Amino acid sequence: MNRRTVLLIAVLGLLALVPPLAAAFNQPFYLDLLRRIMIFAIAASSLNLILGYGGMVSFGHAAYLGVGAYAVGVLAHHGIHSGWLQWALAIGGSALVALAIGAVSVRTSGIYFIMITLAFTQMLYYFGVSFQEYGADDGMRLAKRSQFAGLIDLGDATSFYYLVLALLALTLYLLHRLVNSRFGLVIQAARSNEARTRAIGLSPYPYRLAAFVIAGAICGLAGALWVNHTAYLSPEIMNWTRSGELMFMVILGGIATLSGPLYGTLALLLLEDVLQGWSALPKWVTEHWQLYLGVILVLVVLYARRGLAGLVGGRHE
Amino acid sequence: MILFAEQTLNGLQLGVMLFLMAAGLTLVFGIMNMVNLAHGALYMVGAYLATFFFQETGSYLLAVVLALAGTLAVGVVTEVVALRTLYERDHLDQVLATFGLILFFNELIAILWGRAAIYSSVPAWLSGHLELVAGLRYPLYRFVIILIGLGVAVGLWYVVARTRLGMLIRAGASNRTMVAALGVNIRLLYTVVFGCGAALAGLAGLLAGPIYAVQPGMGELVLIQVFVVIVIGGIGSIRGALAGALIVGMVDTLGRAFLKPMLATVLSPTAADSAGPAIASMLIYLLMAVVLAFRPEGLFPASR
Amino acid sequence: MSEALLEVRALRKSFGALLATDGVDLQVREGETHAIIGPNGAGKTTLIGQLAGNLRPDAGSIRFLGEEITRLSAPARSKKGLARSFQITSIYRDFTTLENVALAVQSHAGHSFRFWLPARRDPVLVGPASRVLDEVGLAERKGILAANLAHGEQRQLEIAMVLATRPRLMLLDEPVAGMGTEESQRMVDFLGTLKGRQTIVLVEHDMDAVFTLADRISVLVYGRIIATGTPAEIRANPEVRAAYLGEDA
């Protein structure tokens, strides 16, 4: 087991300690914050599969957060509260949408792929916003949290927290198996050298499309978690800037490493939180934190590309 | 019929503005192989500068000149300071860095002029209507936009096809190492191309001011439409940008105007009421999907 | 006379005004090592591209193992047993030497839609890959990242990847390109051990290699094959001497 894996397990362990610590110090805010971070870490990890390992610069990944959230929100609005059903639809629906979008997009590459994935996300955003019944661009409150009949109560902050942590760990484990499997190697090979991949007899397209669908499905789950976390369904979750944030979460942590997205999400969201709310910072920073965030992000891209996980050596995990 | 003619002209006007944005962007894509999300920010800068200078000086023409010069300056400075190093980087880095720039610019504008939309006015001599044909009255301002846009299209065609600069642009698009080896200052060429793109974006922005909302973030919404234009038209070609822009402008405008009533003939009014606008807003993306399915490289891609 | 494994007929390809392939006819017999030589600009790269499936010919036909493959994609041709190596080394730089070859094995070992088991430790893939690397002489370099191999070793890796796909025909594009004398000799010796067992189409500039290895040689000039024959016949051919060999041989 290499260094990175050990560190990851340690971090997950620390995350498991947050609820009791937060209770002990009476700081429920941190429970909320870290739960939010973990949900985004799941989304970012799914993006890492296609972006990090696959080299597919998808600028539309937030769409699946939206599909997942809307699956839950819309069903709840119509009185269907079974978590099993809602979350199955969130995952399945996202997979289908990813399949539809991927079918036309994955064939393209480079600048085209970036623009196309962005455009389709925007299309879904407009689609979601057009439904007056579901709150149009203001969104609406979640009628009731997903119900899991006696198994778990998502209204209980701690239980929900541990569920998210478990799902994050599960996602990371699944992705670990995936990227090291035959399938995962093809994806990585296609990114490393596409001409060579075709020359040995592998056509990247079907594998990339499959990866695209899997990534979408996992992100759909994150969307379902998200809407339960905020108890509010808002089309803002599909905002294209959200897609940009997801990409940053992936690269800040280190491309093509399993733990990268978690660290990247922690880094980005904590940075945003600090810039917005840390009392030690002057007003002219916190009021216009996006300005400083923008500058920091540009500097990171220009000068610190390897990301955080890159600092902890090792090859694969 | 009058309504149709009016909407067609509106479609043309939107198309022409999208073209102004798309032309600069597609050249940067094609020649420098760089994704530039901050293009929308330049559009926004143009709109804000024009509004500001018009209010300050009272002279619309002066405001236009200052806004164009200002946007050009902002564009060139940004290119030299932040974007130069990105030409060599991969697309992911370019997307992320220019994304950071968007956050920066939007907030900068918000600091200077606040987050609420500001009011941008048309000068008196450009307001009012033109009677184009009997019974068809069209806003003079919008008509002027159409003329300006078409004029720019002709001008660009002339520059690219007939001048030395245009030749360098086309050469740089197919083989930049060779062009550099021939002693042409590639860096300068890139800066010039980028500057032209910035000026065009600024022009689009200042023209758009009075018609659309002038607020932080206005650039990004247009930018996504411009992406659709470029995908449909093909990367790297002015002709593609024009074709794509006019198509997108028409489809979007006519769709929004006529889809609901058209649907109402086959669906119930309430169904048409919600389905109409929903589908209308998705129309250009669906069109993009169709084009992609059949011609993934766009309608008029730059030949290599 | 054995039936032609690869049969190229009247192949034509232009790039705008440039006629790169001008009616090429070629037959490659099973088990032979068939070299294609020609001056720079003769159209060798374009020809290889069409044989391998990277370029679509404008006209003509390519038959492999009796089947028409003219319109077949590169991956499909590889699956049928037509493997190629690249003139400019094209390997997976961020994978190890062993992983590189294992991928080649993997592409021909059933489908790759397997999502669970780790492929890097799969003996079905690693075993054959390891053996191929032993064969080409990279036994000691299996765990090294491909980017860290010496240039000559990378060229050997190219060949290893070709062999790993168990090809019926090997299309080698300047295998000794950029290699020093000693390395070239080793490569030529190795390719010599394949003679008879493998069918090889060899595009090369290095005349020593060509005349050592080739059973037959075809000479490509301005997109056309001007002569095909044994090395001795080619050496003696006046047209070839005029067009290409000049003071050589």
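## Burial and overall form of chain C

Of the 249 residues in chain C, 45% are buried (20 or more other C-beta atoms within 10 Å of the residue's own, with C-beta atoms placed from the backbone). This is a predicted model, in which local features need pLDDT of at least 70 and side-chain atom pairs count only at pLDDT 80 or more, while totals for chains, interfaces and linings use all residues. Residues are numbered from 1 along each chain as its sequence is written, and chains are lettered from A in the order in which they are written.

The radius of gyration of chain C is 18 Å, which agrees with the value near 18 Å for a compact globule of 249 residues (taken over C-alpha atoms; the rule is 2.2 Å times the number of residues to the power 0.38).

## Sheet in chain C

Chain C contains 9 helices and 10 strands (DSSP runs: H or I of at least four residues, E of at least two, numbered from the N terminus). An open sheet of 6 strands has the order β6-β7-β8-β3-β9-β10 in chain C, with mixed pairing (strands pair if DSSP finds at least two bridges between them). Because β6 (82-85) and β10 (224-229) of chain C are edge strands with a single partner each, one side of each has no neighbour in the sheet.

Strand β9 (residues 216-221) of chain C is antiparallel to β10(C), and 5 bridges join them.

## Contact between chains A and B

In chain A, 37 residues are in contact with 36 residues of chain B (C-beta atoms, placed from the backbone, within 7 Å). On the side of chain A that touches chain B, α5(A) gives the most, with 13 residues.

Terms used: A residue is buried if 20 or more other C-beta atoms lie within 10 Å of its own, exposed if 12 or fewer, and partly exposed in between; C-beta atoms are placed from the backbone. Two residues are in contact if their C-beta atoms, placed from the backbone, lie within 7 Å.
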